Amino acid sequence: MKYKRILLKLSGEALMGERQYGIDPNRLAEYAEDIKTITSKGIEVAIVIGGGNIFRGVAGASKGMDRVQGDHMGMLATVINGLALQGALEDAEIPTRLQTAIKINEVAEPFIRRKAMRHLEKGRVVIFGGGTGNPYFTTDSAAVLRAIEIEADVILKGTRVDGIYNADPEKDTSAVKFNSISFDDVLRKGLKVMDTTAFTLSQENKLPIIVFDMNKKGNLLKVISGENIGTVVNV
């Protein structure tokens, strides 16, 4: 395996499956099986999930809601998704811990870096909920921050598309995919990989990002094995 410890970033929308909103149990089960495939090979897995399938603070703010209030609602949405994924992983007999940046002691552990790393060393999948715990920061920023804190080898961003293109492949059939690209080229070309704060933090810490199609069964193992699928963003 090319990587020993990974941070897997999933969007909340990914959990919807074919639904218009909410959580699709079938999609959760598919993700759990893919994750089990790599944990069985000794890979240490941490996960950050968005909350866009339930609520987005930015969307609420655009309609007049207080942004801070909206972002706190979004953080709680990521905890709901984390609980759902935890249930699916445990159904697949994968030991799991949910840690949150906001204290909800009845349902999850508070985020403690050393404890998270110890869980990973013991073979448990650690899900980080609640974003960074601060408004105005996205779950992309949370993913990069947690990846740096736990000393992950790479950030794997699972999306609906199979990599980074020079245009939206779902709208432009002539869009060209990059197999690999540097951080500087992403910024120069104005490509959207993560929000600027998250991307810059990853660049400064020389933490590579791989964008790939998480919805294709077996892709997660292929990425871990070093196969050339998706797009690698590196220094």
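Me: Is K206 buried or exposed?
Reply: K206 is exposed, because its relative accessible area is 59%. Buried means under 20% relative accessible area, exposed over 50%, and partly exposed in between, with a 1.4 Å probe and protein chains only. This is a predicted model, where local features need pLDDT of at least 70, side-chain atom pairs count only at pLDDT 80 or more, and totals for chains, interfaces and linings use all residues. Residues are numbered from 1 along each chain as its sequence is written, and side-chain values use heavy atoms, with hydrogens and water left out.

Me: Where does K206 lie?
Reply: K206 lies in the loop between helix 7 (196–204) and strand 10 (209–213). Helices (H or I, at least four residues) and strands (E, at least two) are DSSP runs, numbered from the N terminus.

Me: And what is phi of K206 near?
Reply: Phi of K206 is near 55 degrees. That is a positive value in a residue other than glycine.

Me: What about Y136, what is its phi near?
Reply: Near 75 degrees, again positive and in a residue other than glycine. Y136 sits in the loop between strand 5 and helix 5. Y136 is exposed, with a relative accessible area of 53%.

Me: Which loop holds N134?
Reply: The loop between strand 5 and helix 5. N134 counts as partly exposed, at 40% relative accessibility.

Me: How far apart in space are N134 and V68?
Reply: They are 8.6 Å apart, C-alpha to C-alpha. In sequence, 66 residues separate N134 from V68.

Me: On to helix 5. How many of its residues are buried?
Reply: Eight of the 11, so helix 5 is largely enclosed by the rest of the structure. The buried ones are T139, D140, S141, A142, A143, V144, R146 and A147.

Me: What covers them?
Reply: The cover includes strand 1, strand 2, helix 3, strand 5, strand 6 (154–159) and helix 7.

Me: Take T139. What is it in contact with?
Reply: Leaving aside neighbours within four places in sequence, T139 is in contact with K9, V48, I49, G50, T78 and G131. Contact means heavy atoms within 4.5 Å. T139 counts as buried, at 18% relative accessibility.

Me: How do helix 5 and helix 7 cross?
Reply: Their axes come within 7 Å and cross at roughly 20 degrees. That makes helix 5 roughly parallel to helix 7. Axes are lines fitted to C-alpha atoms, for helices over the stretch in contact, and angles run from 0 to 180 degrees between N-to-C directions. Angles under 35 degrees count as roughly parallel, over 145 as roughly antiparallel, 65 to 115 as roughly perpendicular and the rest as oblique.

Me: Which residues make that contact?
Reply: From helix 5, D140, S141, V144, L145 and I148. From helix 7, T197, A198, L201 and S202. By class, the contact of helix 5 with helix 7 has five nonpolar, three polar and one charged residues. Ala, Val, Leu, Ile, Met, Phe, Trp, Tyr, Cys and Pro count as nonpolar, Asp, Glu, Lys and Arg as charged, and the others, Gly among them, as polar.

Me: Which residues of helix 7 are buried?
Reply: A198, F199 and S202 are buried. They cover an arc of only 95 degrees around the axis, which puts them on the same side of helix 7. The arc is that of the directions from the helix axis to the C-beta atoms. On the other side, T196 and E204 are exposed.

Me: What do those buried residues of helix 7 pack against?
Reply: Helix 5, strand 6, helix 6 (183–189), strand 10 and strand 11 (231–234).

Me: New topic. At what angle do helix 1 and helix 3 pack?
Reply: Helix 1 (residues 25–39) and helix 3 (residues 67–91) pack at an angle of about 60 degrees, with their axes 9 Å apart. That makes helix 1 oblique to helix 3.

Me: Which residues meet there?
Reply: L28, A32 and I35 in helix 1 meet A84, L85, A88 and L89 in helix 3. The contact of helix 1 with helix 3 has seven nonpolar residues, no polar and no charged.

Me: Last one: which residues of helix 4 are buried?
Reply: In helix 4 (residues 113–121), A116, M117, H119 and L120 are buried. Seen down the axis, they fall within an arc of 155 degrees, so they line one face of helix 4. Just after helix 4, G123 takes a positive phi of about 90 degrees.
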